[in-house]
Amino acid sequence: MERKQALALVKEQLRPKRYEHTVRVTDTAISLARHYKLDVKKIEIAAIFHDYAKYRNPNEMKRWVLSEKLPQDLLEYGPELLHGPVGSIMIEKEVGIKDPEIQSAIYYHTTGKRNMSLFDQIIFIADYIEPGRSFPGVEEVRSVVYHDINKACWLAARNTIEFLMEHEQPIYPDTFQLYNEGLVKTGRNVNG
Ligand SMILES: Nc1ncnc2c1ncn2[C@@H]1O[C@H](COP(=O)(O)OP(=O)(O)O)[C@@H](O)[C@H]1O
């Protein structure tokens, strides 16, 4: 699918600010894909569709979780966490995009997870660092992402966990697993 057609399809699904965010995520992801030598056209499609389900009705998303047998614990964390997993299914059913790499990146773009592929990482971190983001710590992530994308994803997970804890929000465990993985892989675990 071409960029123009893909953007037109998501524009119908999103509010104007979210659509602008999507365009910035897409441009950021393309730049990272060029740098890390991934398929730029494929990254572009994943980025354009990453928030496809963002404004779907929470009850509709809940029905998709149940009918598609997605992990039911997602339902305990509020509707915000559903749009990635549900969006990964919806793009196949509604748009005809059936591609495991694209669908995985959309599925995990909010929480991250351990063992992300480079493709997953690029969508996850492009969403976090796109130029419209201004939360604490984002500059540090931008400064490392072109030479150490593992570190960038780890920092994003750490910052998100800190933010959610400060606000006493529940935290879906995939983000903890990404955080832990970074410490274990760099030897900074409890025994190190
Ligand atoms: N593991 C998690 N558990 C609960 N909430 C999370 C987790 N990871 C991220 N979030 C929250 O989900 C919300 C949506 O994330 P965001 O990056 O804005 O996604 P998107 O750009 O796709 O809308 C943010 O408020 C973020 O703090």
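How much of the chain over residues 18-132 is helix, and how much is strand?

## The annotated region

This is a predicted model. Over residues 18-132 the chain is 61% helix and 0% strand. An unreviewed UniProt entry lists residues 18-132 as "domain: HD".

## Helices H4 and H5

Helix H4 covers residues 58-67, and its axis lies 10 Å from that of H5, with a packing angle of about 70°. Angles of 65 to 115 degrees count as roughly perpendicular, so H4 is roughly perpendicular to H5.

On the H4 side, the contact is made by Met61, Trp64 and Val65. On the H5 side, His83, Val86 and Ile89 take part. By class, the contact of H4 with H5 has five nonpolar residues, one polar residue and no charged residues.

## Helices H5 and H6

Helix H5 spans residues 83-95. The axes of H5 and H6 come within 7 Å and cross at roughly 150°. An angle over 145 degrees counts as roughly antiparallel, and H5 and H6 are therefore roughly antiparallel to each other.

H5 brings Gly84, Pro85, Gly87, Ser88, Ile91 and Glu92 to this contact, while H6 brings Gln103, Ile106 and Tyr107. Sorted by class, the residues of the contact of H5 with H6 are four nonpolar, four polar and one charged.

## Helices H6 and H7

Helix H6 is formed by residues 100-107 and helix H7 by residues 118-129. The two pack at an angle of about 40°, and their axes are 8 Å apart. Is H6 parallel or oblique to H7? The angle makes H6 oblique to H7. The crossing of H6 and H7 is right-handed.

Glu101, Ser104 and Ala105 of H6 meet Phe119, Asp120 and Ile123 of H7. The contact of H6 with H7 has three nonpolar, one polar and two charged residues.

## Around the ligand

Which residues come nearest to the ligand? Of the 15 residues around the ligand, the nearest are Thr110, Thr111, Ile171, Tyr172 and Thr175. By class, the shell around the ligand has six nonpolar, five polar and four charged residues.

Which helix gives the most to this shell? Helix H9, made of residues 149-166, gives the most, with three residues.

Notes:
Residues numbered from 1 in each chain as written. Predicted model: local features only at pLDDT ≥ 70, side-chain atom pairs only at ≥ 80, totals over all residues. UniProt positions renumbered as here; feature names shortened; annotations may be inferred. Helix = DSSP H or I, 4+ residues; strand = E, 2+ residues; numbered from the N terminus. Axes fitted to C-alpha atoms, helices over the stretch in contact; angles between N-to-C directions. Parallel < 35°, antiparallel > 145°, perpendicular 65-115°, else oblique. Left-handed = near helix turned anticlockwise from the far one by under 90°. Contact = placed C-beta atoms within 7 Å. Nonpolar A, V, L, I, M, F, W, Y, C, P; charged D, E, K, R; others polar. Near = placed C-beta within 6 Å.
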